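Biologist: I'd like to learn how to read a model like this one, feature by feature. Could you walk me through it?

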Amino acid sequence: MPIDFPAPPAPARRRPFELSGRAVLFGMIGFFIVVAGVNGVMMVSAIRTMPGADVKSAYETSQRFNSEIARMQAQAARGWLAQTEIVRAGTDAIVSLALKDKAGTAVTGLAVEAKLQHPATRQQDHDVTLTETAPGQYSAKVPALHAGAWTLVVEATRGGDAVFSSRSRIMLKD
């Protein structure tokens, strides 16, 4: 006796995809909301990590311009020979400065400050005071200094007057 199976139901007929103006409008609005949101997050992050200001007041800096030129000319006229060095000591670093005058005599009795400035953020800057360890030799230990590019600013004063300054870009390795 033959068995009659019912015929399988015909697959539901799918409506063909139609791109409507409303779908395009919501897609465009969603796209620009995402782009504006990502730009806002990136802008806030960039401003928080690097505000872009190198000096607090550009006006005050411009007013000191001529005195800075005079100070640098006086420094050049002294003819001092300086050698700065930064070496790794474990996770720390040791900054040293050797100063000699034109005759090769050690320059002593200076108050020397060094600043290690991070190129991206001022939050990682380090300020140290160098002590005179030998005639004309000044050094200080900088704790927990990571590898990378730094700007080393060294300033020496005698009796409150700036007598030497240098600024150099260094690359500290591990």
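Modeller: Let's start with a loop: A144 sits in the one between strand 5 (137-142) and strand 6. Helices (H or I, at least four residues) and strands (E, at least two) are DSSP runs, numbered from the N terminus. This is a predicted model, so local features need pLDDT of at least 70 and side-chain atom pairs count only at pLDDT 80 or more, while totals for chains, interfaces and linings use all residues. Residues are numbered from 1 along each chain as its sequence is written, and side-chain values use heavy atoms, with hydrogens and water left out.

Biologist: What is the phi of A144?

Modeller: Most residues other than glycine have a negative phi. A144 has a positive one, near 45°.

Biologist: Is A144 buried or exposed?

Modeller: The cut-offs are these: buried means under 20% relative accessible area, exposed over 50%, and partly exposed in between (1.4 Å probe, protein chains only). A144 is exposed, at 55%. S139, in strand 5, counts as buried with 19%.

Biologist: On to charges. How many salt bridges are there?

Modeller: The general idea is that side chains of opposite charge can pair when their charged atoms come close. The rule used here asks for a side-chain nitrogen of Lys or Arg within 4 Å of a carboxyl oxygen of Asp or Glu. That gives three salt bridges. One of them joins R71 to E68, with the closest N and O atoms 2.7 Å apart.

Biologist: Where do R71 and E68 lie relative to each other?

Modeller: Both are in helix 3, and because they are three residues apart, about one helical turn separates them. E68 is partly exposed, at 36%.

Biologist: Which side chain does D92 meet in a salt bridge?

Modeller: D92 meets K141, at 3.4 Å from N to O. This pair links distant parts of the chain, with D92 in strand 2 (residues 92-100) and K141 in strand 5, 49 residues apart. D92 counts as buried at 16%, whereas K141 is exposed at 53%.

Biologist: And what does D125 pair with?

Modeller: D125 forms a salt bridge with R122, at 3.9 Å between the closest N and O atoms. D125 is partly exposed at 24%, and R122 is partly exposed at 38%.

Biologist: Now pockets. What is the volume of the largest pocket?

Modeller: On a 1 Å grid over the protein atoms alone, a pocket is an open set of points with protein on both sides within 12 Å along at least five of seven lines, and lining residues have an atom within 4 Å of a point. Grid points are joined across faces, edges and corners, and a volume is the space filled by probe spheres set on the points. For the largest pocket here, that comes to about 720 Å³.

Biologist: Which residues lie nearest the centre of the largest pocket?

Modeller: V55, R64, E68, E155 and R167, out of 19 lining residues.

Biologist: Which element gives the most to the lining of the largest pocket?

Modeller: Helix 3, with four residues. Several elements each supply at least two, including helix 2 (58-63), strand 6 (148-158) and strand 7 (161-172).

Conventions: On a 1 Å grid over the protein atoms alone, a cavity is a set of points where a 1.4 Å probe fits but cannot get out, and a pocket is an open set with protein on both sides within 12 Å along at least five of seven lines; lining residues have an atom within 4 Å of a point.
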